[in-house]
There are 2 protein chains.
Amino acid sequence: MDSQQFHRISKALADPRRYEILSRIAKCRELACSDVRGEIPITAATLSHHIKELVNAGLVEMRREGQFAHMRLRRKVWREYLSQLGKL
Amino acid sequence: MDSQQFHRISKALADPRRYEILSRIAKCRELACSDVRGEIPITAATLSHHIKELVNAGLVEMRREGQFAHMRLRRKVWREYLSQLGKL
DNA sequence: AGTCTAGTTAGATGATTATCGAATTATCGA
DNA sequence: TCGATAATTCGATAATCATCTAACTAGACT
């Protein structure tokens with residue numbers, strides 16, 4: 001993991017709401033945006049923004065199926081991030 | 001570790017420069033502010049600000065000795081943070 | 001006392017960013 | 001085709017935050 005990605009992930013985790021979203025994604029094998037909106041109060045626009053940050057950081061990948069966007073945690077990246085942090 | 005501290009730590013790690021400072025503190029048993037300033041280009045005010053965030057997050061503790069402020073990583077807190085992240 | 005060094009605080013500025021409403025695209029069902 | 005649902009994009013706003021300069025406190029040394 002290069003330092004750019006490392007810092008992107010750190011920033012992505014820094015917002016409590018975004019962390020909450022990530023946390024919900026992590027709990028399922030897959031989760032759709034609409035599911036998230038059913039669980040926490042957030043506008044579609046804001047959610048879309050946060051998802052973009054998570055995808056950008058490489059933490060989350062998306063699979064499109066019809067109207068739905070299914071999100072998944074990239075566990076390998078997550079493990080790499082934790083391992084990097086562990087070196088501190 | 002309560003969620004407030006958890007989020008404070010996440011935010012503290014989100015700034016690359018602050019992470020760099022933390023990283024240098026972690027590498028030594030103790031480090032003074034002036035040492036940091038000798039290693040990276042940063043004004044005293046900015047450094048003081050970052051240190052305050054790290055202390056506030058509970059990641060770093062300070063020991064004052066004469067003119068010097070010696071900083072130490074609180075490894076127990078760090079471990080707790082990693083453990084919390086690991087639950088994701 | 002006077003000076004130097006270490007660090008803090010206050011206030012300002014500029015950049016980043018979280019958030020929302022509105023408009024838009026795309027897909028599904030009737 | 002029409003309406004409903006899912007998600008994205010755009011533009012604006014407000015809040016947060018990193019950074020600096022300048023002024024300050026306090027300790028060490030002469």
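Tutor: In chain B, α1(B) packs against helix α2 (residues 16-27) at an angle of about 100 degrees, with the axes 5 Å apart. Axes here are lines fitted to C-alpha atoms, for helices over the stretch in contact, and angles run from 0 to 180 degrees between N-to-C directions. Helices are DSSP runs (H or I, at least four residues), numbered from the N terminus.

Student: What is the orientation of α1(B) and α2(B) to each other?
Tutor: α1(B) and α2(B) are therefore roughly perpendicular. The scale is: under 35 degrees roughly parallel, over 145 roughly antiparallel, 65 to 115 roughly perpendicular, and the rest oblique.

Student: Which residues make that contact?
Tutor: From α1(B) they are B:K11, B:A12, B:L13 and B:A14, and from α2(B) they are B:P16, B:R18, B:Y19 and B:L22. Contact means heavy atoms within 4.5 Å. By class, the contact of α1(B) with α2(B) has six nonpolar, no polar and two charged residues. Ala, Val, Leu, Ile, Met, Phe, Trp, Tyr, Cys and Pro count as nonpolar, Asp, Glu, Lys and Arg as charged, and the others, Gly among them, as polar.

Student: Before I go on, where does the model come from, and how is it numbered?
Tutor: This is a predicted model: local features need pLDDT of at least 70, side-chain atom pairs count only at pLDDT 80 or more, and totals for chains, interfaces and linings use all residues. Residues are numbered from 1 along each chain as its sequence is written, chains are lettered from A and ligands numbered from 1 in the order in which they are written, and side-chain values use heavy atoms, with hydrogens and water left out.

Student: OK, back to α1(B). At what angle do the axes of α1(B) and α5(B) cross?
Tutor: Roughly 95 degrees, and the axes of α1 (residues 3-14) and α5 (residues 75-86) of chain B come within 11 Å. α1(B) and α5(B) are therefore roughly perpendicular to each other. On the α1(B) side, B:Q5, B:F6, B:I9, B:S10 and B:L13 take part, meeting B:V77, B:W78, B:Y81, B:Q84 and B:L85 of α5(B). That contact of α1(B) with α5(B) has seven nonpolar, three polar and no charged residues.

Student: And the axes of α1(A) and α5(A), at what angle do they cross?
Tutor: They cross at roughly 95 degrees and come within 11 Å. That makes α1(A) roughly perpendicular to α5(A). The contact residues are A:Q5, A:F6, A:I9, A:S10 and A:L13 of α1(A), with A:V77, A:W78, A:Y81, A:Q84 and A:L85 of α5(A).

Student: Now A:Y81. Buried or exposed?
Tutor: A:Y81 counts as buried, at 1% relative accessibility. The cut-offs are under 20% relative accessible area for buried and over 50% for exposed, with partly exposed in between (1.4 Å probe, protein chains only). A:Y81 lies in helix α5 of chain A.

Student: What does A:Y81 touch?
Tutor: Not counting residues up to four places away in sequence, A:Y81 touches A:M1, A:F6, A:I9, A:S10, A:L13 and B:L85. A:Y81 and A:M1 are 80 residues apart in sequence, and 7.5 Å apart in space, C-alpha to C-alpha. The side chain of A:Y81 also makes a polar contact with the side chain of A:S10, at 2.9 Å. A polar contact is a pair of N or O atoms within 3.5 Å; within protein, one must be able to donate a hydrogen and the other to accept it, and residues adjacent in sequence count only if both atoms are side-chain atoms.

Student: And A:S10, buried or exposed?
Tutor: A:S10 is buried, with a relative accessible area of 3%. Leaving aside neighbours within four places in sequence, A:S10 is in contact with A:Y81, B:S10, B:L13 and B:A14.

Note on methods: Helix = DSSP H or I, 4+ residues; strand = E, 2+ residues; numbered from the N terminus.
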